[in-house]
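Me: Hi! Could you walk me through this model before I start drawing figures?

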Amino acid sequence: MAAQSSALVFKVHRREPELVRPAKPTPYEVKLLSDIDDQEGLRFHIPVVQFYKHVPSMRGKDPVAVIRRALSETLVPYYPFAGRLREGPNRKLMVECTGEGVLFVEADADVRLTEFGDQLQPPFPCMKELLFDVPGSNAVLHSPLFEILASCLWKCRTVALRPDPEETMRMICLVSMRGKFSYPPLPIGYYGNTFAFAVAEAPAGELCRNPLGYALDLVRKAKGEVTEEYMKSVADLMALTGRPDFLKTRWTYLVSDVTRAGFETVDFGWGSPVYAGPAEPDVGPVPGLANFCIPCKNKKGEDGIVLAISLPTQAMERFVKELESMLKSPPNETKTFTHVMSAL
């Protein structure tokens with residue numbers, strides 16, 4: 001990120017929150033979330049931000065009015081999003097389709113897009129002023145990554161944190177099963193989560209000593225074990241064991257790849273966003289536990305990936321040193337990884 005962005009300070013005037021309701025009447029019903037969606041470790045909020053350039057053809061059109069109307073119309077076919085999450089017996093999550101609407105906040109900032117620098121990537125300044133935190137609300141945004149970059153992050157992060165060599169390090173791999181269910185198939189239009197958490201494990205000492213290929217093999221093996229039967233088994237496990245919180249397991253690390261989430265295709269009339277993705281480098285109940293791989297463009301318009309990492313200062317210095325050492329390793333160990341990183 002350009003230095004001018006990291007030091008940028010601006011004022012934000014935020015108006016009172018309002019509810020945007022569906023443009024037409026919608027059904028009242030209660031939809032139970034699946035046992036996959038119901039997991040304890042998924043109950044947190046992920047802030048996302050999208051930046052758009054000025055488009056002359058949209059001159060005179062108020063973005064707030066355009067987005068508010070589009071949101072209202074969208075909530076007709078996607079009416080569960082206008083409802084409310086409820087907890088039933090044993091804290092089972094469900095959506096009560098009340099049609100109450102979604103929270104909408106208009107805000108103005110005395111800053112221009114160009115002041116954020118040549119390349120847009122998190123962390124962005126003053127996001128706490130722009131983003132409105134809804135107490136108790138939760139969302140999830142994950143799609144599969146993970147393999148060479150995930151393996152690299154796992155190894156470098158382990159070296160940087162210096163755990164006991166005998167400690168078991170866990171890398172959570174997100175695997176999507178959308179379109180892979182044979183019987184019964186997912187219904188057309190289903191937009192619930194269909195991913196499972198496969199976990200690669202290794203002693204910290206082994207992860208640090210071995211080349212990148214060691215971690216890569218573990219990640220690939222874990223992802224390869226996710227089948228339709230595995231997904232159903234996970235759902236049963238959540239229902240039978242009271243949804244254990246995987247995010248609070250010691251030395252667990254999760255990387256979410258949002259490069260295919262589709263945020264960059266959202267057009268409200270101002271064309272494609274120049275940045276669309278997470279507003280912060282990490283999320284979750286424990287700082288640094290979950291990070292993102294985010295699509296971006298440099299000032300030349302070339303596509304790349306930003307790896308947003310959050311670590312304590314001294315650990316970050318060791319992380320950078322380990323990463324630089326890995327990039328300088330013999331070609332037979334890092335040929336593929338160097339090729340990937342050179343394109344970023």
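Reply: Happy to, and we can go topic by topic.

Reply: This is a predicted model, so to speak of local features we need pLDDT of at least 70, side-chain atom pairs count only at pLDDT 80 or more, and totals for chains, interfaces and linings use all residues. Residues are numbered from 1 along each chain as its sequence is written, and side-chain values use heavy atoms, with hydrogens and water left out.

Me: How many helices and strands are in the protein chain?
Reply: The protein chain has 9 helices and 15 strands. Helices (H or I, at least four residues) and strands (E, at least two) are DSSP runs, numbered from the N terminus.

Me: And what percentage of the residues is buried?
Reply: Of the 344 residues in the protein chain, 42% are buried. Buried means under 20% relative accessible area, exposed means over 50%, and partly exposed is in between (1.4 Å probe, protein chains only).

Me: What does the accessible surface come to?
Reply: About 18,900 Å² for the protein chain, with 54% of that belonging to carbon and sulfur atoms. Accessible areas come from the Shrake-Rupley method with a 1.4 Å probe, and for residues only the protein chains shown count as cover.

Me: On to the inside. Which residues touch the most other members of the largest nonpolar core?
Reply: Those are W154, M171, V226 and F319, in a core of 40 residues. A nonpolar core here is a set of buried Ala, Val, Leu, Ile, Met, Phe, Trp, Tyr and Cys residues joined through side-chain atoms within 4.5 Å.

Me: Which element gives the most to this core?
Reply: Helix α4 does, with 8 residues. The elements that each supply at least two residues include α4 (147-161), β9 (168-176), α7 (228-241) and α8 (313-327). Apart from this core lies another one, of 18 residues, among them V12, I46, F292 and C296.

Me: What is F319 in contact with?
Reply: Leaving aside neighbours within four places in sequence, F319 is in contact with L153, C156, R157, A160, I309 and L311. Contact means heavy atoms within 4.5 Å.

Me: And M171, is that one buried or exposed?
Reply: M171 counts as buried because its relative accessibility is 0%. M171 sits in strand β9, and its C-alpha atom is separated by 8.8 Å from that of A202, 31 residues apart along the chain.

Me: Back to α4. Where is S151, and what is it in contact with?
Reply: S151 is in helix α4. With a relative accessible area of 0%, S151 is buried. Beyond neighbours within four places in sequence, S151 is in contact with L212, A215, L216 and V219.

Me: What about E147? Which residues is it in contact with?
Reply: E147 also belongs to α4, and is partly exposed because its relative accessible area is 30%. Leaving aside neighbours within four places in sequence, E147 is in contact with L216, V219, R220 and K223. From E147 to L218 is 9.8 Å, C-alpha to C-alpha, for residues 71 apart in sequence.

Me: Changing topic: how much space lies in the second largest pocket?
Reply: About 530 Å³. On a 1 Å grid over the protein atoms alone, a pocket is an open set of points where a 1.4 Å probe fits, with protein on both sides within 12 Å along at least five of seven lines; lining residues have an atom within 4 Å of a point. Grid points are joined across faces, edges and corners, and a volume is the space filled by probe spheres set on the points.

Me: Which residues lie nearest its centre?
Reply: L120, P273, V274, Y275 and K297, out of 23 lining residues. Strand β14 gives the largest share of the lining, 3 residues.
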